[in-house]
Amino acid sequence: MLAIIGGSGLAQLAGFEISRRHMARTPYGEPSAALSFGHLAGRPVVFLARHGDQHSIPPHQVNYRANLWALADARVLGVVAVAAVGSIRADLKPGDLVLPDQIIDYTWGRPSTFHEGPDAAVAHVDFTEPYDHALRRRLLAAAAAIGTRLGDAAVYAATQGPRLESAAEINRLERDGADVVGMTGMPEAALARELGLPYAAINVVANYAAGRSESGAGISLEAIHAVLAGSMQQVHALIERMLSDDE
Ligand code: HPA
């Protein structure tokens, strides 16, 4: 069974037949929402709304540990996370989809490891390649099969939020080598790795990052939501195809 973590613009999966909802309890508290178990494209799937069913939990207050723990506890074989991003690179336009292949973490103050506490052993997971190769390959194959453009590499910068970045911060992220910027990719990806869960992210470009739009205008939430609403159909199609390609 595959897990889908839905981000902004994806609080529900169209065509997803839910058979059971379960509010998980974990040693880290409750996840963002009840886990929804069901079928998509005839395959078993569990869906979790990262920001809660009502989109009420901001990125820095998401209980990432409870979310990942609950999914691991449900015995999922992998996690596909959907997340909106701002684009730093001119060739990634609002509405585009891209699979990040690297991460830079600028978040702070978020509980970001399972390996702490009085009884925990010191542990350092390998994070050289933050995203799972096999899941990325399956998503790329699904995109090719349905003719959806899906960028196959991007460096994802995870910022703290909930505010958007300044133009100078975006310039710095670009100098650091980042292509897209979002607020939820970390510690989500690292926690998945700590639990041994294969993890890949579909980034949906919602806007040009701060200071990067041609008009020079600021970033409006209305525009972001409109772009996301338009792109989620593609995300659905991609995930459905990926699932139906499954053996
Ligand atoms: N910055 C950070 N996170 C985001 C953005 C952005 O411009 N757009 C969507 N999520």
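This report walks through the ligand site, the pockets and the cavity of the structure above.

The model is predicted, so local features need pLDDT of at least 70 and side-chain atom pairs count only at pLDDT 80 or more, while totals for chains, interfaces and linings use all residues. Residues are numbered from 1 along each chain as its sequence is written, and side-chain values use heavy atoms, with hydrogens and water left out.

**The ligand and its shell**

Let us start with the ligand, which sits in the largest pocket (more than half of its atoms lie within 2 Å of the grid points). Around the ligand are Ala84, Val85, Gly86, Leu164, Glu165, Val181, Gly182, Met183 and Asn207 (each has a heavy atom within 4 Å of the molecule). Strand β5 (78–87) and strand β10 (180–182) each give two or more residues to this shell, and β5 has the largest share, with three. Strands here are DSSP runs of E with at least two residues, and helices are runs of H or I with at least four, numbered from the N terminus.

Polar contacts are pairs of N or O atoms within 3.5 Å.

| Residue | Atom of the residue | Distance |
|---|---|---|
| Glycine 86 | backbone N or O | 3.3 Å |
| Glutamate 165 | side-chain N or O | 2.7 Å |
| Asparagine 207 | polar side-chain atom | 2.7 Å |

The protein covers 92% of the 260 Å² of accessible area that the ligand has on its own (Shrake-Rupley method, 1.4 Å probe).

**The pockets**

A pocket is an open set of points on a 1 Å grid over the protein atoms alone, with protein on both sides within 12 Å along at least five of seven lines; lining residues have an atom within 4 Å of a point. The largest pocket holds about 520 Å³ of space. Its lining counts 29 residues, with Ser8, Pro59, Ala84, Leu164 and Met183 nearest the centre. At least two lining residues come from each of β5, β10, β11 and α5 (221–244).

The second largest pocket has about 180 Å³ of space. Among the residues lining this second pocket are Tyr106, Trp108, Arg163, Glu165 and Arg172.

**The cavity**

What does a search of the whole structure find at 30 Å³ or more? There is one cavity, a set of points where a 1.4 Å probe fits but cannot get out. Strand β11 gives the most to the lining, with three residues.

Key:
Points joined across faces, edges and corners; volume = space filled by probe spheres on them. Polar contact = N/O pair within 3.5 Å; in protein donor to acceptor, adjacent residues only side chain to side chain.
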